[in-house]
Amino acid sequence: MHFEVQMLARAIGSSLRLARASRVPTARAMSTMGSDSIASQVDQQIGRRGAELAEEAKGKDFFRYNTIQGSFGTSAKPVEVPSSYPARIIGCTGGVEGTDAYHDILWMEIEQGVQNVCNECGQVFVLKQD
C-alpha cells in the first residue's frame with residue numbers, strides 16, 4: 001500500500017510540474033499593442049471583414065445590404081445600382097409602376113456601361129461605380 005501511495009504522489013507531482021512548465025503566456029505578455037491593453041475585435045479583423053468595419057466606422061455600408069427602393073426603372077431613367085466592382089448580382093421583384101403586381105425575385109448579373117433589363121418585367125438597371 002505504501003508503494004502505491006508513493007507512485008501516486010510522484011505521478012501527481014510530475015503532472016503539476018509539467019502543467020507549470022507548459023503554461024500559456026498571459027494576454028498582457030502577448031499583446032502587441034505597445035501598452036497594457038488587449039487588441040479589440042475590430043483591431044484584429046483583416047480582409048473583407050476588416051474593410052467592412054473600416055467603412056462602417058466612416059458611416060458607409062461596404063457590402064450595401066440595403067435594398068434599393070424607388071420608381072420603376074425605364075430606359076430614360078434607369079435604376080442606378082451602386083457598386084465598387086464592374087459587375088454586381090442583383091434581385092429584381094419588378095412589377096408595374098403604381099401597382100402591387102410584383103413578380104417572384106429574379107436574380108441577374110448587371111455590368112457597367114450597359115443598360116441591363118429584367119426579362120420578367122422590363123425594368124432597366126445601370127451600374128454606378130463609385
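pLDDT is the predictor's confidence in each residue, on a scale from 0 to 100. That score matters here, as this is a predicted model: local features need pLDDT of at least 70 and side-chain atom pairs count only at pLDDT 80 or more, while totals for chains, interfaces and linings use all residues. Residues are numbered from 1 along each chain as its sequence is written, and side-chain values use heavy atoms, with hydrogens and water left out.

Let's start with the confidence itself. The chain has a mean pLDDT of 75, and 65% of its residues reach 70 or more. Confidence is highest in strand β4, at 94, and lowest in helix α2 (residues 27-30), at a mean of 45. Over residues 24-31 pLDDT stays under 50, and the model has five contacts beyond four places in sequence for this stretch; a contact means heavy atoms within 4.5 Å.

Now for the overall plan. The chain holds four helices and five strands. These names come from DSSP runs, numbered from the N terminus: helices are H or I with at least four residues, and strands are E with at least two. Reading from the N terminus, the order is α-α-α-α-β-β-β-β-β. Of the 130 residues, 19% count as buried, where buried means under 20% relative accessible area, exposed means over 50%, and partly exposed lies in between (1.4 Å probe, protein chains only).

Among the helices, take a look at α4 (residues 47-57). Its buried residues are Gly50, Glu52, Leu53 and Glu55, and what covers them includes α3 (41-44). After α4 comes Gly59, with a positive phi near 90 degrees.

Next, find the open sheet of three strands, in the order β1-β5-β4 and with mixed pairing. β1 and β4 stand at its edges with a single partner strand each, so one side of each has no neighbour in the sheet. Two strands pair if DSSP finds at least two bridges between them. Strands β1 (residues 79-83) and β5 (residues 124-129) run parallel and are joined by five bridges. You can trace this pairing at Glu80, whose bridge partner in β5 is Val126, and at Ser83, which stands opposite Gln129. β4 (residues 116-117) pairs with β5 in the antiparallel sense, over two bridges; here Asn116 has Phe125 as its bridge partner. The hairpin of β4 and β5 has six residues between the strands, and in it Gly122 takes a positive phi near 85 degrees.

Lys77 sits in the loop between α4 and β1. This lysine counts as exposed, at 58% relative accessibility. Apart from neighbours within four places in sequence, Lys77 is in contact with Ser71 and Phe72. The C-alpha atoms of Lys77 and Val126 are separated by 9.6 Å, although the two residues are 49 apart along the chain.

The chain exposes about 10,300 Å², with carbon and sulfur atoms supplying 55% of it; accessible areas come from the Shrake-Rupley method with a 1.4 Å probe, and for residues only the protein chains shown count as cover. Ile89, Ile105 and Trp107 make a nonpolar patch of about 380 Å². Trp107 belongs to strand β3 (residues 106-111) and is exposed, with a relative accessible area of 58%. Patches are made of residues with over 30% relative accessible area and no salt bridge, with nonpolar side chains (Val, Leu, Ile, Met, Phe, Trp, Tyr) joined within 5 Å and like charges within 9 Å. A salt bridge is a side-chain nitrogen of Lys or Arg within 4 Å of a carboxyl oxygen of Asp or Glu.
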